[in-house]
Amino acid sequence: MKALFFLRHYNDIDHVAPVVHQWIGSGHQCDVVLIGSAKFRNDFRVKYLSQLQGVRVAHIRELFSLLNYWKWRLQMLMLTRNVRRIKVLGGLAERLAQRFDEKRREPLWRHTAESLLQRCFGRDGRGVVAFDWIERNSVICVEWVEIVVAMAKERGLGTVSLPHGDSPHYSQLIRRGERRVEPDPTFSAATIFDRVVVPNELCAVRFRPFMTGKQLAVLGSPRYCETWLNILAKMMPPSPLMRSDSKLKIVMFLRKANFTTFWEEVGEVVHMIAGFPGVELIIKPHTRSGWKQSLTRDSSIRKLPNVHIASDDAHSVHLMDWADVLIDLATSVVFEAVRAGKPVLAADYLIAARSAVAYYMPETELRCRDDVYEKINHFLINGFDGFYVAAHRQRFLDEMLDYPDADVLSRYTALLEELAS
């Protein structure tokens with residue numbers, strides 16, 4: 001059987017790569033088409049996939065003529081919300097979209113979609129087309145995805161939306177401007193697919209108000225299942241981080257800039273941690289919006305000798321291997337540390353949200369500056385053993401990562417096979 005996987009950016013490569021790996025391991029074939037930045041052609045996970053027999057990897061600009069690629073790209077830019085937020089370009093994009101309306105855009109959308117579907121499937125009416133979670137504010141405009149999905153269905157192909165992340169938040173009002181607990185229409189775009197897959201029930205609540213029948217599938221986390229973590233450990237590029245003789249190594253993971261974060265207090269915490277002798281701290285900005293985060297531009301923090309801003313070539317796995325302790329402002333990347341039993345401090349008081357880590361494992365929660373001080377002091381004096389309550393951590397693994405059991409990747413392949421046939 002054949003599958004066509006579309007990948008946009010760092011996060012969906014991270015979460016969909018294990019699904020591609022298992023699909024190929026089950027004797028199938030696939031095309032992987034990168035529709036985001038061309039730099040991901042050199043991503044170590046993409047390189048790994050390209051070496052698997054039965055996988056063809058290409059960036060979308062390699063598959064269209066130069067003229068069609070730029071026409072496709074410009075139509076994308078006209079409609080994506082990121083461009084419309086820019087003061088000067090936003091107005092221009094909106095005027096262009098009105099003048100060059102949906103009816104005039106459709107021929108190019110259909111031409112490019114037909115080209116990609118024909119390249120992968122030919123005349124075969126069996127197969128599956130997979131995007132990651134497509135939302136109303138995605139950088140790849142929904143209008144094009146809707147046409148690709150509709151044309152795939154006309155051919156008899158299955159369509160699926162796969163996870164590009166997890167739910168690090170247990171609460172719902174987490175972004176600036178959110179003031180009502182109600183279904184978020186951002187996730188309504190997912191209804192175009194035959195099936196939408198989520199790793200756990202915490203993610204399912206986002207989509208369930210818009211889904212019908214068995215359209216939503218809860219299958220566990222491909223990114224954080226043990227099978228994939230063992231494979232990932234073998235393919236990681238060498239770490240750029242050097243071990244040092246510091247007593248306590250801490251990594252702080254920041255989240256996307258559109259989530260509410262109390263940056264003044266985050267800065268206070270950084271300075272306090274830096275004041276402990278023998279402590280070393282690395283701050284990891286978000287992979288896609290780190291440049292928007294004021295903390296990384298704070299000159300007083302950049303001058304601290306034992307505080308560093310992580311470089312772009314320091315992957316999250318490198319940082320977790322280096323660290324003794326992780327401080328988390330609600331990012332799913334620390335789920336890997338929980339899996340490994342490495343202490344995670346859930347800094348919920350620094351954000352306007354309740355994190356999943358703190359909800360499942362209350363022993364991880366930081367509720368005030370005193371908690372930060374006492375936890376760091378405790379680790380320096382007593383080490384890290386016995387940090388988690390075993391029953392709490394096991395419930396987190398069972399309900400968030402391994403639901404309904406640890407055979408996660410096989411469930412994903414079974415679903416894709418069902419849709420493909």
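Okay, let's start with Glu143, which sits in helix H7. When I say helix or strand, I mean DSSP runs (H or I with at least four residues for helices, E with at least two for strands), numbered from the N terminus. Before I go on: this is a predicted model, so local features need pLDDT of at least 70 and side-chain atom pairs count only at pLDDT 80 or more, while totals for chains, interfaces and linings use all residues. Residues are numbered from 1 along each chain as its sequence is written, and side-chain values use heavy atoms, with hydrogens and water left out.

So, is Glu143 buried or exposed? With a relative accessibility of 14%, Glu143 counts as buried. Buried here is under 20% relative accessible area, exposed is over 50%, and partly exposed is in between, using a 1.4 Å probe and protein chains only. Setting aside residues up to four places away in sequence, Glu143 touches Leu79, Glu102, Arg105 and Trp109. Touching, or contact, means heavy atoms within 4.5 Å.

Some of those partners belong to helix H6, so let's look at that pair of helices. H6 (residues 102–121) packs on H7 (residues 142–154) at an angle of about 50°, and their axes are 9 Å apart. The axes are lines fitted to C-alpha atoms, for helices over the stretch in contact, and the angles run from 0 to 180 degrees between N-to-C directions. That angle makes H6 oblique to H7. For those labels, under 35 degrees is roughly parallel, over 145 roughly antiparallel, 65 to 115 roughly perpendicular, and the rest oblique. On the H6 side, the contact includes Trp109, Leu116 and Leu117, and on the H7 side it includes Trp144, Ile147 and Met151. The residues of this contact divide into nine nonpolar, one polar and seven charged. Nonpolar covers Ala, Val, Leu, Ile, Met, Phe, Trp, Tyr, Cys and Pro; charged covers Asp, Glu, Lys and Arg; the others, Gly among them, are polar.

Now for another pair, H1 and H17. They pack at an angle of about 70°, with axes 9 Å apart, and are therefore roughly perpendicular to each other. Pro18, Val19, Gln22 and Trp23 in H1 meet residues of H17 including Leu409, Tyr412 and Leu416.

Which residues of H9 (226–235) are buried? They're Trp228, Leu229, Ile231, Leu232 and Met235. These residues span an arc of only 165° around the axis, so they lie on the same side of H9. That arc is taken from the directions from the helix axis to the C-beta atoms. Here's the background: an α-helix has 3.6 residues a turn, so residues three or four places apart point the same way. On the other side of H9, Asn230, Ala233 and Lys234 are exposed.

Ser221 is in the loop between strand E7 (216–218) and H9, and it is buried, at 1% relative accessible area. Beyond its neighbours within four places in sequence, Ser221 contacts Asp166, Pro199, Met400, Leu401 and Val408. In the loop between H16 and H17 we find Pro404, joined to Tyr403 by a cis peptide bond with omega of about 0°. Finally, Ala330 has a phi near 75°, a positive value in a residue other than glycine.
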